[in-house]
Amino acid sequence: MLQGFILNIPRLAQTRSAGGGVYLGIMAAVTRSASTPFRSTAASRALEWIGVPGFFAVASGIFFHRLLTGQGAYVALDMVGIHVPFRTFLKEAIGSHQIPLWNPQLYMGMPFLANGDAAVLYPFQVLYFFLNPTRAVAWELWLHTTMAALTMYLLSRLGLRLGPPAALVAGALFAFGGYQMAHTGLVWAVFESPWAPLAFLAVERSINGRWPWFLLGPPVVALSLLAGNPQEMYFSGIWLPLFAAVVVLTDPTRRRAGLGVAGLVVMVGGGFLMAAALVGPQLELAALGVRGGAGLSFGDASYAPLPAGTPLIRFLLPDYLSRFYGENAGWIGATGLGLVVLGLVHGLKRGHRLLIGFFTLMAGGCFVLALGAATPLYQPFFDHVPGMHLFRLPVRWVYVMTIATSALAGYGCELVASLVRARKPLLHQMAIPALGLVAVAVLYKLDGGHQALLFWQDRQHIEYASWVACGLVGVAVAGAFLLGPRALLLVPLAVVLELYAAGQFMEWNHPGAGDFYTYSRTIPQYVSAHNDGRVLPATDGGWSTEPDRLATDTPLSIGASSLVGFSTPWPTLQDLPVEDQVVGDVLNSKPGEIRPGLWQLLDVQYIVAGSDQAVIASSPTVTRVITAGDAVLYQTALPPSRVWSLCGAQFETDHQVVVDKVLAPGFTPGDLYVEGSGVSTPSAMCGSASLTQTDLNQVGIN
């Protein structure tokens, strides 16, 4: 096994552009002119702001090298079913010089600008408009992961005043740790990830009298709102007032307290104003759904927490064979955990006690809140903190926890640097970091580490990756005492090495077939070439990622319209009984429920069903067009239409009565039911109607 690891190292160097060597060269140059460890000079600062982005850009490129080099497509569930189709639709709309307020191609039309999953006004998704979807997904991941590492570096370097190696450690743990890597399939989470560290930095800088940093706060909040789902910024924002208070207490004056309050008000208020064009419609749409009124119930809001009884050490170590992957991932690796331990030790010193205490409380508090209803604290938190009723999935508190653990690890690295600067005997210098690493190693072994880590892409029992990373940290520490502080630059490299190894089993590291986003398969190609009505995707497993099934929102990717769709802010099929019944007709395959008249009224031209759905296959109202694997494309016999002209109507004041009559077996397109009051008369087809305009935001009928 160890031989396999050693043999992988030269291959890694060849295929990943030897990023480690470039990094060490650049970062050594950052501190070369300093006569004392990491002394700040104009030249060193200039080199730092070139070298650090370069390191994170290279590291991010190494993590996503399979996607960036075109070895396949990232086919995560929501990415295929929602996010890429939405951006394809948005790209087409912008190409026609329109901002889509509305999406006429799903259901009978649904709001689009107001839908957070579309993030219509988020500026950093611009790559989706210039690259094909497969490449855009890869480069957006690379861009935002690099930005996340840089923003955490800025918070650590400027706000927490850590040295370059320590700030690099914090940035690497935040951007490449388990939480961020497990949420790459959620575009909103990718877009959201870089901004919260800058919110903390803006507060700290504002309190310390750096007036221009007041201007950073509003754009940061606005970007998090425009990204689609502000949940991670909201969870982070709950801790911002306490963080501001801690910063003020480091040098308590009335003026600093006033600056803290002003900074928070300007940041939040200005951010909402800058994002008002999206936030207003989004709140209006949310009010119509399950989050409207009193918001989510406690049961809904506490859905999907961390598993009850989660052991902290198993959670912080890379773990595939247990429960802590997917939404539950949050590992920082053995090196990261060891540095967090050292960070807690660093908190015993006077100079950093308040801030380290704050991040310790923040990490522990977020871990407890991530357990949801399993902890008695979640109910009062839900009851008394404004806005908690708007969000589900307590597990996403781990995002904020990652900020805290990254900062603590940075403080741990800074402790080692301070020992180097103390110029004490070597054995005395190495005592604290050695004890920290030994403690992590013992805990790791007691936890059965041979089952907790995965070695590169082979999924074998390979604690070697963590041991090699911990060994590299030991070399860095010893080298710092013997050769100087520049050797500590190996510590962030060790962190990246371990996190890279831990990420090898992740979904993004095993790309799928390249045509998942180009839709070059048989059924999508045919529908795209012949489409004149709506598609009814009705195969078993509507979340399937098979392109031929045209499931969920994928018809948007080929310019087709679908009777159904999916997006978190939109109504589910259970809220749309007519569409639910139409889909049920095909899925349930009950002869008495096949109602072609209803398909015709809803403009259904094609039905995509499974090859085992015998009733629809034998129906005289459809014609089999194409078979592709286990998916079959049928065309309806009756010509569909988007508009109908009828005379007369039957009025009903009860909404459910209208629905029941439309779903009754004897219903025909000539029957018109209106919810409301009026004089009922027999209805029938009369006259004619046609579409005169079909723009995104306007429809004209003659």
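Buried here means under 20% relative accessible area. With that cut-off, C413 is buried, because its relative accessible area is 2%. C366 sits at 0%, so C366 is buried too. One caution before I go on: this is a predicted model.

Let's stay with cysteines. How many disulfides does the structure hold? One. The bond joins C647 and C686, with the sulfur atoms 1.7 Å apart. The S-S torsion is about 90°, so the disulfide is right-handed. Now the placement. C647 is in strand β8, residues 646-647, and C686 is in the loop between β11 (684-685) and β12 (691-694), so the bond ties together parts 39 residues apart in sequence. Buried or exposed? C647 is partly exposed, because its relative accessible area is 41%. C686 comes out partly exposed as well, at 22%.

Next, helix α19. It covers residues 353-370, which is 18 residues. From first C-alpha to last it reaches 25 Å, close to the 26 Å expected at 1.5 Å a residue. Its buried residues include L355, I356, F358, F359, M362 and C366. Just after α19, G372 takes a positive phi of about 60°.

Now the aromatics. The count comes to 29 aromatic pairs. Take W139 and W142. Their ring centres are 5.4 Å apart and their planes are at 75°, so this pair is edge-to-face. Both lie in helix α6, residues 133-159, three residues apart, about one turn of the helix. In general, an α-helix has 3.6 residues a turn, so residues three or four places apart point the same way. W139 is partly exposed, at 29% relative accessibility. W142 is partly exposed, at 22%.

Then a pair that brings us back to α19. W239 and F358 are edge-to-face, 6.3 Å centre to centre, with 75° between the planes. W239 lies in the loop between α12 (231-237) and α13 (240-249), while F358 is in α19, so the pair ties together parts 119 residues apart in sequence. Both W239 and F358 are buried. There is also a cluster: ring pairs link F63, F64, F176, Y500 and W508.

On to the sheet. What is the strand order? β4-β3-β5-β7-β6, five strands in an open sheet with mixed pairing. The edge strands are β4 (561-562) and β6 (622-628), each pairing on one side only. Inside the sheet, β5 (residues 604-610) and β7 (residues 631-636) run antiparallel, joined by five bridges. I607 stands opposite Y634 in β7. Helix α25 packs on this sheet, touching β3 (534-537), β5, β6 and β7. The direction of α25 makes about 135° with that of β6.

Y517 has 4% relative accessibility, so Y517 counts as buried. What is it in contact with, leaving aside neighbours within four places in sequence? A73, Y74, V75, M79, V80, V84, P133, T134 and V137. The C-alpha atoms of Y517 and T554 are separated by 8.9 Å, and the two residues are 37 apart along the chain.

Last stop: S206, in helix α10, residues 195-207. At 3% relative accessibility, S206 is buried. Leaving aside neighbours within four places in sequence, S206 is in contact with W213, F214, L259 and G263.

Notes:
Residues are numbered from 1 along each chain as its sequence is written. This is a predicted model: local features need pLDDT of at least 70, side-chain atom pairs count only at pLDDT 80 or more; totals for chains, interfaces and linings use all residues. Side-chain values use heavy atoms; hydrogens and water are left out. Buried means under 20% relative accessible area, exposed over 50%, partly exposed in between (1.4 Å probe, protein chains only). Contact means heavy atoms within 4.5 Å. Helices (H or I, at least four residues) and strands (E, at least two) are DSSP runs, numbered from the N terminus. The expected span of a helix is 1.5 Å times one less than its number of residues. Two strands pair if DSSP finds at least two bridges between them. Axes are lines fitted to C-alpha atoms, for helices over the stretch in contact, and angles run from 0 to 180 degrees between N-to-C directions. A disulfide is a pair of cysteine sulfur atoms within 2.5 Å. Rings of Phe, Tyr and Trp (its six-membered ring) pair if their centres lie within 6.5 Å; planes under 30 degrees apart count as stacked, over 60 as edge-to-face and the rest as tilted.
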